[in-house]
Amino acid sequence: NISINQSFLNYMPDLSLRYNYSFSGHSPDFTFNKQENKNQTISINASYSLWNFLKTNQSHSQVKMNKQNKELSAELKLQSLQTQFKQYKEDFEYYTQLDGLYKLKKENTALNLSIAENRYELGMIDPLELDKARYENFEAISSYDSNKYRIIELREKINFLLAEKILNKYW
């Protein structure tokens with residue numbers, strides 16, 4: 001904005017203010033009868049170069065285009081941030097819903113593991129089936145924890161975009 005105002009002022013004429021004061025005294029016959037002259041002049045000059053308009057017009061249009069570029073860049077950045085925020089929010093909602101499913105899966109595989117251990121103790125299944133139940137339980141726990149991490153990561157990204165504090169710190 002300042003540069004636009006500055007370039008607009010270049011269209012105005014150059015103004016100058018002058019003040020001149022002169023004092024003179026003389027005596028024709030070397031006596032003490034002096035004749036004194038006092039002159040005071042104030043002048044205001046305004047000058048405007050006709051060629052200056054062409055140069056000023058070009059620089060003014062360039063400043064206007066720079067301003068428009070900056071405005072478009074800021075608008076593009078804002079739209080990008082809004083799109084990013086919307087995507088983070090959708091991902092957060094998705095992973096939050098997925099969290100309930102992973103929690104249910106974790107509980108079910110823990111129950112299946114406990115049943116498999118009981119059946120193994122009774123001799124109803126072989127060690128391979130017990131290992132399979134342990135692997136499924138481990139995989140469910142790992143998926144649940146990984147999803148929790150994604151939720152925390154997305155929450156941090158959203159808070160960073162909103163510039164909110166997390167644990168009393170800005171990230």
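Reply: A salt bridge is a side-chain nitrogen of Lys or Arg within 4 Å of a carboxyl oxygen of Asp or Glu. By this rule the count comes to three salt bridges. The model is a predicted one, in which local features need pLDDT of at least 70, side-chain atom pairs count only at pLDDT 80 or more, and totals for chains, interfaces and linings use all residues. Residues are numbered from 1 along each chain as its sequence is written, and side-chain values use heavy atoms, with hydrogens and water left out.

Me: What makes Asp99 and Lys148 a salt bridge?

Reply: The closest N and O atoms of Asp99 and Lys148 are 3.2 Å apart, and the limit is 4 Å, so the pair qualifies. The pair links distant parts of the chain, with Asp99 in helix α2 and Lys148 in helix α3, 49 residues apart. Helices here are DSSP runs of H or I with at least four residues, strands are runs of E with at least two, and both are numbered from the N terminus.

Me: Why is Asp99 called buried, and why is Lys148 called partly exposed?

Reply: Buried means under 20% relative accessible area, exposed over 50%, and partly exposed in between (1.4 Å probe, protein chains only). Asp99 has a relative accessible area of 12% and is therefore buried, whereas Lys148, with 32%, is partly exposed.

Me: How do you know that the span of helix α3 agrees with its number of residues?

Reply: The expected span of a helix is 1.5 Å times one less than its number of residues. For the 36 residues of α3 (residues 127–162) this should give 52 Å, and the end C-alpha atoms are 52 Å apart, so the two agree.

Me: Why is Leu15 called exposed?

Reply: Leu15 has 66% relative accessibility and therefore counts as exposed. Leu15 lies in strand β1 and is one of the residues of a nonpolar patch on the surface, which has about 880 Å² of accessible area together. The largest share of that patch, five residues, comes from β1.

Me: Which residues make up the largest nonpolar core, and what makes a set of residues a core?

Reply: A nonpolar core is a set of buried Ala, Val, Leu, Ile, Met, Phe, Trp, Tyr and Cys residues joined through side-chain atoms within 4.5 Å. The largest consists of Tyr88, Tyr95, Leu98, Ile151, Leu154 and Ile158, six residues in all. The elements that give two or more residues to this core are α2 and α3.

Me: Where is confidence lowest, and where is it highest?

Reply: Confidence is expressed as pLDDT, the predictor's confidence in each residue, from 0 to 100. Its mean is lowest in helix α1 (residues 2–9), at 70, and highest in α3, at 93.

Notes: Patch = residues over 30% accessible without salt bridge, like charges linked within 9 Å, V, L, I, M, F, W, Y side chains within 5 Å. Areas by Shrake-Rupley, 256 points an atom, 1.4 Å probe, with all protein chains shown as cover.
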